[in-house]
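Here are a few exercises to work through with the model open in your viewer. Try each task before you read its solution.

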Amino acid sequence: MAKANGRNPVGASVYSKTSLLLYDALVHWFSNNWIWNCQRFHLANYYQRSFSSEHLEIGIGSGRLLGHLSKEYHFDRLVIGDVNDDCLAFASKVLGKRLHTAIRLNLLERSSKWPHVGRFGSIGFNYVLHCLPIDFAAKLRIMDQLIDRFLSKEGVLVGSTILPGCRSAWLSNRVMRFYNQKGIFSNENDSLPELKAWIQARGNQSEWKIVGDVAIFRVIA
Ligand SMILES: C[S@@+](CC[C@H](N)C(=O)[O-])C[C@H]1O[C@@H](n2cnc3c(N)ncnc32)[C@H](O)[C@@H]1O
């Protein structure tokens, strides 16, 4: 397991009980609007066409984004997975009775070690790839493994990631470099052409778009 000194890597451990209180204001309001230039409605459009009655959200953060995007939606089964126990506890409170199960799952472990929770019609995977401290090919393999392991036939994986090279804006380049130096992001070598090739290889029903510094995608199992 990729742990730093017995703890989760910074890209996961930075989300603490305290920072989660500010997370949505900082990430989904301030950074999305003023740094990454990707307003939440772009993501809402992809997510709301993807939800199924059995949904798995991986890398849950505070849980408020999922709660907001799915507020009109009834789930028969909603499961959240994360390596960070603070995120699981915080999001469990936010999602309340809508949540069925919270599982501890480390994407950096072999997928054979991931918990058995069955298959889902949809998986949400938002803003997680750019946090993982591994090379981009390994990140794409993780998405393949999530699909193979947890998606039912014709199920949908929907997500987004912040990528270098989408546009060249001074502020977002500076902030991305700073976050990479701190280990909060690990996306310096993430590649838009490789992501596009992966999405296209997933079939002609797959979709993606670039908004600001963010790639939003939706692929079918
Ligand atoms: C930037 S937050 C995104 C949260 C949420 N998806 C959102 O868009 O608001 C990244 C999330 O991925 C989780 N995460 C980071 N590394 C992980 C890993 N190796 N395995 C599972 N979850 C991980 C973090 O704990 C955190 O909840």
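Before starting, a word on helix angles: axes are lines fitted to C-alpha atoms, for helices over the stretch in contact, and angles run from 0 to 180 degrees between N-to-C directions. Keep in mind, too, that this is a predicted model.

**Exercise 1. Describe how helix 2 packs against helix 5.**

Step 1: find the pair. Helix 2 covers residues 17–35 and helix 5 covers residues 85–95.

Step 2: classify the angle. Values of 65 to 115 degrees would be roughly perpendicular and values under 35 degrees roughly parallel, so this pair is oblique.

Step 3: get the hand. Helix 2 and helix 5 make a right-handed crossing.

Step 4: list who touches whom. Helix 2 brings Lys17, Leu20 and Leu21, while helix 5 brings Asp86, Cys87 and Phe90. Sort the residues of this contact and you get 4 nonpolar, 2 charged and no polar.

**Exercise 2. Work out the strand order of the open sheet of 7 strands, and say which strands sit at its edges.**

Step 1: trace the pairing. The order reads 3-2-1-4-5-7-6, and the pairing is mixed.

Step 2: look for strands that pair on one side only. Those are strand 3 (101–104) and strand 6 (207–211), the edge strands.

Step 3: zoom in on one pair. Strand 1 (residues 54–58) and strand 2 (residues 77–82) run parallel, joined by 5 bridges. Within this pair, Leu56 has Val79 of strand 2 as its bridge partner. As background, strands of a sheet pair through backbone hydrogen bonds, either parallel or antiparallel.

**Exercise 3. Tyr127 and Glu154 each have a positive phi. Say where each one sits, and whether it is buried or exposed.**

Step 1: recall the background. Most residues other than glycine have a negative phi.

Step 2: take Tyr127. Its phi is near 60°, and Tyr127 belongs to the loop between strand 4 (120–126) and helix 6 (136–150). The relative accessible area of Tyr127 is 8%, and the cut-off for buried is under 20%, so Tyr127 is buried.

Step 3: take Glu154. Here phi is near 70°, and Glu154 is placed in strand 5 (residues 151–162). Its relative accessibility is 52%, so Glu154 counts as exposed, the cut-off being over 50%.

Key: Residues numbered from 1 in each chain as written. Predicted model: local features only at pLDDT ≥ 70, side-chain atom pairs only at ≥ 80, totals over all residues. Heavy atoms only, no water. Pairing = 2+ DSSP bridges. Helix = DSSP H or I, 4+ residues; strand = E, 2+ residues; numbered from the N terminus. Parallel < 35°, antiparallel > 145°, perpendicular 65-115°, else oblique. Left-handed = near helix turned anticlockwise from the far one by under 90°. Contact = heavy atoms within 4.5 Å. Nonpolar A, V, L, I, M, F, W, Y, C, P; charged D, E, K, R; others polar. Buried < 20%, exposed > 50% of the residue type's maximum accessible area, 1.4 Å probe, protein only.
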